[in-house]
Amino acid sequence: MVKIRRLKHWGWGFEDQQPSREELASAAAALAAHLGFPCTEIEQPVALEHVSLAEPRVAMPPSLVDISGRDDHARASHAWGKSYSDIVRGFRGRFDHPPDFVVYPRAEQDVERVLEWCSAQRVAVVPYGGGTSVVGGVQAQVDGSYNGAISLDMRQFNRVLEIDECSRAARIQAGARGPELEAALAEQGLTLRHFPQSFEFSTLGGWIATRAAGHFATALTHIEDFVESVRAITPVGLWQSRRLPGSGAGISPDRVLAGSEGTLGVITEAWVRVQPRPHHRGSATVRFGEFHDGAECVRAISQSGLNPANCRLIDPLEARLTMTGDGSSALLLLGFESSDHPVQALLERALEICRKHGGEAPGPRQGSQAAGSWRQAFMGAPYVRDVLVAMGVLSETFETAITWERFPALYEEVMQAARQALAEGPDGGSSSHVTCRFTHVYPDGPAPYFTVLAPANRGEELAQWARVKQGVSDAIIRVGATITHHHAVGRDHRPWYDRQRPEPFALALRGAKTALDPAGIMNPGVLLDPAP
């Protein structure tokens, strides 16, 4: 009998990846020393057998029993996403809103049956891809007007169905995770080249539903840049757009689904634009004495038309914390790649721009080592966060975007708001860290990404997190930036999203939801509230 590898019920990764008590203590001691935090007592997560889940409010109908599960692991592992607050709750055995049961559809007909039954029974449906939401997008949290809530896990929709080599496109099911779809495309020498930090577990459907951003730091940044057409099942029927390289025929049906976060229907598959795997690469790491000097350089590069694949500016503190640098300089990670032509000339021109702005490029070996260290830290961050929770460290991120002329004001406002909120921490904020980097850049502005690390108030982590979230998010909206560049809205960002969007657009969105989801069952509470 083949043993199925189970995901953690509370954190990132698989159950067999949870470090032992000794390994956890060793890792925590090293992390505490590196961060400059006191080495406190290491806590262990509450074991699943000690978790008490609320009794299901609704029974599985006979028509869905063969594709459903309601065991404790299924319900607990689908109760939260992967935000800091989700991890803390799960770590402490707190599962406030578990789904009544989890459905694993095998075909679109199964999805149709689920939506029909849930509409008739007033049961909420929460579409679930990889469960990697960091904004409260996948929890089955509904009010008393619902009879229950289920999680609709799309993991069995995981195949690359068709590849059109002539037009360079692929038809891929929505539940395909990053490694699965890339492995299938690689057999034909192709790639989607979309690598978000959650790549290991997140899915194509989740990327589209949340407008996820991936590998490219310029030009093609978000998943909708790669989408050719989308197919979805809504409570009132099939949503299928035709494959086109571009169209001016009214409002794009694909763009309506991109960012819909499961509120309009269930994405089942999509045609996406693919490309040959790159063979030509060039990279460099450039040092700047000041972060804002590097920002001016990045602005010049983003407006040059060079369109590097990687153009990530990291402030000195983040460089030190990720072991990318020694903390004395801001670092710019530059990279070019192509499947068609050499890129060295493009890299050299970008380095000329860097030198004009006071940048200093080390030798190729040093630059490659720095880029590799940062990449390893970036992809491993979700695993490290589980350790940080166990050792009592608050870890949160804020990502946004703003035009270049307003970036200095945004930077100052966010830094001040974060430090002010952290001043209420156990050490008065004296040892807390707030860092900034650019994840993506555009000719008209950057996408800054702020990271907060601080000693946590044990047992009061959620209140401490809420203060930081409130202060920084208020600052982001006050300056005129977006509440999210690529993490989506979910439930966590709703208060600020409601302030950001135009009210006539909110009315239009409510009208679309009412037409497509008359019973209001699709992921209620995310993006907007369903009509009474």
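Modeller: Let's start with a sheet: 5 strands make an open one in the order S5-S6-S10-S8-S9, with antiparallel pairing. Keep in mind that this is a predicted model, where local features need pLDDT of at least 70, side-chain atom pairs count only at pLDDT 80 or more, and totals for chains, interfaces and linings use all residues. Residues are numbered from 1 along each chain as its sequence is written, and side-chain values use heavy atoms, with hydrogens and water left out.

Colleague: What makes S5 and S9 the edge strands?

Modeller: Strand S5 (160-164) and strand S9 (237-240) each pair on one side only. Strands here are DSSP runs of E with at least two residues, helices are runs of H or I with at least four, and both are numbered from the N terminus.

Colleague: How do you know that S8 and S10 pair?

Modeller: Pairing takes at least two bridges found by DSSP between two strands. Strand S8 (residues 227-234) and strand S10 (residues 266-273) have 6 bridges, in the antiparallel sense, so they count as a pair. Val-227, for instance, stands opposite Val-272 in S10.

Colleague: Why is Pro-426 called partly exposed?

Modeller: Buried means under 20% relative accessible area, exposed means over 50%, and partly exposed is in between (1.4 Å probe, protein chains only). Pro-426 has 49% relative accessibility, so it counts as partly exposed. Pro-426 sits in the loop between helix H12 (407-422) and strand S16 (433-442).

Colleague: Which residues does Pro-426 contact, leaving aside neighbours within four places in sequence?

Modeller: Pro-455, Ala-456, Asn-457 and Gln-464. Contact means heavy atoms within 4.5 Å.

Colleague: What describes the packing of H8 and H12?

Modeller: Two packed helices are described by the angle between their axes and the distance between the axes. For helix H8 (residues 291-302) and H12, that's about 145 degrees and 12 Å. The axes are lines fitted to C-alpha atoms over the stretch in contact, with angles running from 0 to 180 degrees between N-to-C directions. Phe-291, His-292 and Ala-295 in H8 meet Phe-407, Tyr-411 and Glu-412 in H12.

Colleague: What makes something a nonpolar core?

Modeller: It's a set of buried Ala, Val, Leu, Ile, Met, Phe, Trp, Tyr and Cys residues joined through side-chain atoms within 4.5 Å. The largest has 67 residues, and Leu-332, Leu-334 and Phe-438 have the most contacts inside it. H12 gives the most to this core, with 8 residues.
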